[in-house]
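Work through the exercises below with the model open. Try each task before reading its solution.

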Amino acid sequence: IGQPLLDLDHLEARLDAVAALHGSGTARAAVRDALRQVSDLERLVNRLLVGRAGPRDLLALAGSLEAVPALRESIAFAEALSGMHEALDPCPDVVALIGQAIVDDPPATLSAPGVFRHGYSPELDQVIAASRDAKEWVAGLEETEREDTGIKSLKVGFNKVFGYYIEVSKANTGRVPDRYIRKQTLVNAERYITPDLKEYESLILNAEERLLEIEERLFAELCNSVRAHAETLLRTARALAHLDVFASLAEVAAREKYVRPALTDEDVLTIRDGRHPVVEKTLRGERFVPNDTHFDEGERLHIITGPNMAGKSTIIRQVALIVLMAQIGSFVPAREATIGLADRIFTRIGAQDAIHAGQSTFMVEMIEAANILNNATPRSLLILDEIGRGTSTYDGLSIAWAIIEYLHSHPKLKPFTLFATHYHELTELADMLPGVRN
């Protein structure tokens, strides 16, 4: 929408793609269904390239690629979608690699262990096993030491200052074996350590640090492996984005009864039963009344009159929206539309001031009008609503009259113009200027 096209071949290719999905409800439903599991692949790849991807980003990337085979199958029937069919690469190697490496529900970042599957790295599995064995040994130590020493009240505990310790009450200190090393004296008890306990403590406390270190290294290696496919992944991401747009345009066209516009480089603008795509969706319990727009040969400027709430603003805006929609490659809300490509759409709509910039409503209106008169071409489409309302009636009427004469008669202008106004005196211009019609 921000960058409509002027290339007729490119536009027709887009319309062919939309038409292919519009014509097959089954394919469209399959595409939209498969796209639901696709994340923003381009963003994920770019995060990967700048080194900011996390474990869940890689899982999302693999999940997105898993939808690609179904998408390729859904669009294989249409020649118009063959470019996307070729560009969509499921990258099975990447999917398999990520699937083998990362657990189903990994932590969001590498600051906590538990990212990799068992069996992916023997080194990692070995550290995990050693840590688990050490924890099991410590867990069974209390029972073992009670049996060895006969001290039933003996406890094994842990604190951040001393680490693991064996606590014996003062009454039982005489039964403490020689291998115990006193570490701390409390009011009612003594705390001890043993060489074995210190060794297992070291295993446990160093294991997490070691795990994080290994996982960080493994993750960097995994990212490098996936990064090697970046070009293919970005090409797939672009194809997915295009397919997403075409499927959405096809869906809305089918649901809202839009038609394919006939586009041409000729100087023509004809719309039969055109509707405003937004206004018709906001009406509750009533039907939008469609309107025709037709410029006969030699006609350049339509003066549109009528009371308040008659639909003047709606019809001129709907024409601009239909032209814009056609030039992004969309079907349009009409029964039929033939549109000569516009190089620009200029609008002068609404009454607003810019007091912060020292500009009144009238000044804003005149600056915008001047911009249009200076930059429009014969291929432009102009939408002018109530020009001259920012000042007194006679001044406003004079300005509007002069602008119409200028647009109509300037040799380098004569653009298609829809001019909505309350000044009924302007209808006299149709008798004076051959290109003006009421």
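**Exercise 1. The five-stranded sheet**

In which order do the strands of the open sheet of five strands run, and is the pairing parallel or antiparallel?

*Solution.* Remember that this model is predicted.

Step 1. Trace the strands across the sheet. The order is β10-β11-β12-β8-β13, and the pairing is parallel.

Step 2. Find the edges. β10 (345-348) and β13 (436-437) each have a single partner strand, so one side of each has no neighbour in the sheet.

Step 3. Check one pair in detail. β8 (residues 301-304) and β12 (residues 416-420) run parallel and are joined by four bridges. L301 has T417 of β12 as its bridge partner.

Step 4. α14 lies across β8, β11, β12 and β13. Relative to β12, α14 runs at about 165 degrees.

**Exercise 2. Two helix pairs**

At what angles do the axes of α1 and α2, and those of α13 and α14, cross?

*Solution.* 

Step 1. Start with α1 (residues 8-23) and α2 (residues 25-35). Their axes come within 5 Å and cross at roughly 105 degrees.

Step 2. Classify the angle. Values of 65 to 115 degrees count as roughly perpendicular, so α1 is roughly perpendicular to α2.

Step 3. List the contact. α1 brings L21, H22 and G23, while α2 brings G25, R28 and V31. By class, this contact has two nonpolar, three polar and one charged residues.

Step 4. Turn to α13 and α14. Their axes come within 12 Å and cross at roughly 10 degrees. Angles under 35 degrees count as roughly parallel, and α13 and α14 are therefore roughly parallel to each other.

Step 5. List this contact too. F362, M366, A369 and L373 of α13 meet I399, I403, Y406 and L407 of α14. The classes are eight nonpolar, no polar and no charged residues.

**Exercise 3. Cavities**

How many cavities of 30 Å³ or more does the structure hold?

*Solution.* 

Step 1. Count them. There are two.

Step 2. Describe the largest cavity. Its volume is about 100 Å³. It is lined by 15 residues, and the closest to its centre are G340, L341, A342, R379 and F416. The lining divides into nine nonpolar, two polar and four charged residues.

Step 3. Describe the second largest cavity. Its volume is about 30 Å³. A369, I372, L373, L384, I387, I403 and L407 line it. The elements that give two or more residues to this lining are α13 (361-375) and α14 (393-409). α13 gives the most, with three residues. The classes are seven nonpolar, no polar and no charged.

**Exercise 4. The largest pocket**

Which element gives the most to the lining of the largest pocket?

*Solution.* 

Step 1. Size the pocket. The volume of the largest pocket is about 490 Å³.

Step 2. Find its centre. Of the 21 lining residues, the closest to the centre are M309, A310, G311, K312 and T314.

Step 3. Assign the lining. α12 gives the most, with four residues.

Step 4. Sort by class. The lining of the largest pocket has seven nonpolar, eight polar and six charged residues.

Methods
Residues are numbered from 1 along each chain as its sequence is written. This is a predicted model: local features need pLDDT of at least 70, side-chain atom pairs count only at pLDDT 80 or more; totals for chains, interfaces and linings use all residues. Side-chain values use heavy atoms; hydrogens and water are left out. On a 1 Å grid over the protein atoms alone, a cavity is a set of points where a 1.4 Å probe fits but cannot get out, and a pocket is an open set with protein on both sides within 12 Å along at least five of seven lines; lining residues have an atom within 4 Å of a point. Grid points are joined across faces, edges and corners, and a volume is the space filled by probe spheres set on the points. Ala, Val, Leu, Ile, Met, Phe, Trp, Tyr, Cys and Pro count as nonpolar, Asp, Glu, Lys and Arg as charged, and the others, Gly among them, as polar. Axes are lines fitted to C-alpha atoms, for helices over the stretch in contact, and angles run from 0 to 180 degrees between N-to-C directions. Angles under 35 degrees count as roughly parallel, over 145 as roughly antiparallel, 65 to 115 as roughly perpendicular and the rest as oblique. Contact means heavy atoms within 4.5 Å. Two strands pair if DSSP finds at least two bridges between them.
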